[in-house]
Amino acid sequence: MSIQIYNTLTRKKEPFIPLEEGKVKMYVCGPTVYNYIHIGNARPVIVFDTVRRYLQYSGYDVNYVSNFTDVDDKIINTANELGEEVGELTERFINAYFEDVGALGCGKADAHPRVTEHIDDIVAFIKVLVEKGYAYEAQGDVYYRTRKFDGYGKLSHQSIDELRVGARIEESGIKENSLDFALWKAAKEGEIAWESPWGKGRPGWHIECSVMAREHLGDTIDIHAGGQDLTFPHHENEIAQSEAMTGKQFARYWMHNGYINIDNEKMSKSLGNFILVHDIRKQIDPKVLRFFMLSVHYRHPVNFSQDLVESAANGLDRIQTAYNNLKHRLGTSADLGDQQDIWTHKVDEAVRLFETAMDDDFNTANAIAAVFELVKTANVYLLEKNTQTAVLDYFISAFDRLMEVLGLPFNGEELLDEEIEGLIEERLTARKERNFSRADEIRDLLKEKGIILEDTAQGTRWKRG
RNA sequence: GGCGGCAUAGCCAAGCGGUAAGGCACGGGUCUGCAACACCCUUACCACCGGUUCGAUUCCGGUUGCCGCCUCCA
């Protein structure tokens, strides 16, 4: 069974067949860096990081590229307000981005190109579009001639005529057609600008992705992804630009994630109802945030609230606890004997369930359910009087692999302070002497230090609470 | 006006033709010196109205409600 991907272009799930066997070229639209990212911005980063991980798990060699928009109106305005250089501002927020996203368990892309590093490529690209008649200069700006591109609207399934009826499209005196969009913007006095055949200016928003995707991945890429709100006009425009340029298909699979809602309303910078990752990760374990987001299918909206995140935290905890308990048992399990197939088969079944879920358009909600199957099975196994090291290892290895795909590796072992260890010993003695008040006293003391003790038939185990 | 999404237990959330996965919370029980962890048990007229079908939560039509894109936006 191969991986199925829901393709916005065809509005269907399609078997995933990359252009080149075993290799995937993937481009994910990155942020405009003039502020910390909010949790809505974080969703695609988490979702597509997970897609990448699963593709890798499935044996693909993934070339993953994600850009930074480091020059545009909002950046210029913010820099002006703060009295900061554009370059300083963007550098600052690019670093913040890596910190936030890293905390959320997202790996770096193979390349993180920036617009300002590709101005020459962009100018060259636009020049070709002008030569081919797909673009025209007007008062120092350059616009894309939307009407000229036959497939315009094929991604968002809109016809140009219908789009024009949309009440909010403003007529521009300069443009030939109201749907035409800027490839190059003439600079205003004092603005950051680059030389071009059309005078000083800077790139429009959409052109950068077309150019950077091509520079880093080639004319045709396998997967192009981003938030749902980029479908139109951003991705539609990218297709128009790139396909006019190369005459080839730009991207084979288009993936779009749903929004994060607050009180059932889209979270967005313009609405002002956003929560910054930078802030929230001081209160909520970023791993919990990631787990929470992956507990819903990526194309569906997810509502954000404190309560929901808390219950997600409890769920994640259950997984972590089962894993810890498995490891704890390693200390008292038997080393001999064959693996007990009845248990390893159950592990295999859960893994298969996980893979089936992920194969189905990266259904992380079901994949997580499969992990809970594993939790359940592990807990039942742990009820056995005698456990076998081989079986325990089999469980642990499965947990490691699956959680790695989800980008939620387990917390490593932390060594206890000698003092705490001594207390646990002392408590053990007290319990043997049936001095329960002293035993409870020690347990409470440790609890205050964030150490939770659990007595089992195989000895006392502890965890950080 | 155009295009699209969603409506499943107290909450979250899968399923999408054969009368409902999983998680969280609640209640009852078992285990425990007491706990904790864990295990067992219990909990759904799938928004409404029609239609297709031997059979629909799943397909088709309609209704209602909510949301999104068409403007910068993940």
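Me: Which residues is Ile 37 in contact with, leaving aside its neighbours within four places in sequence?
Reply: Ile 37 is in contact (heavy atoms within 4.5 Å) with Pro 31, Ala 42, Tyr 97, Asp 100, Val 101, Leu 276, Val 277 and His 278. This is a predicted model, where local features need pLDDT of at least 70, side-chain atom pairs count only at pLDDT 80 or more, and totals for chains, interfaces and linings use all residues. Residues are numbered from 1 along each chain as written, chains are lettered from A and ligands numbered from 1 in the order written, and side-chain values use heavy atoms, without hydrogens and water.

Me: Why is Ile 37 called buried?
Reply: Ile 37, in the loop between strand E3 (23–28) and helix H1 (39–57), has 5% relative accessibility and therefore counts as buried (under 20%; exposed is over 50%, partly exposed in between, with a 1.4 Å probe and protein chains only).

Me: What makes helix H11 roughly parallel to helix H13?
Reply: The axes of H11 (residues 341–359) and H13 (residues 389–405) come within 9 Å and cross at roughly 10°. H11 is therefore roughly parallel to H13, a term for angles under 35 degrees, whereas over 145 is roughly antiparallel, 65 to 115 roughly perpendicular and the rest oblique.

Me: Why do strands E4 and E10 stand at the edges?
Reply: The open sheet of 4 strands has the order E4-E3-E9-E10, with parallel pairing (at least two DSSP bridges between two strands). E4 (61–66) and E10 (251–257) each have a single partner strand, so one side of each is left without a neighbour in the sheet.

Methods: Axes are lines fitted to C-alpha atoms, for helices over the stretch in contact, and angles run from 0 to 180 degrees between N-to-C directions. Helices (H or I, at least four residues) and strands (E, at least two) are DSSP runs, numbered from the N terminus.
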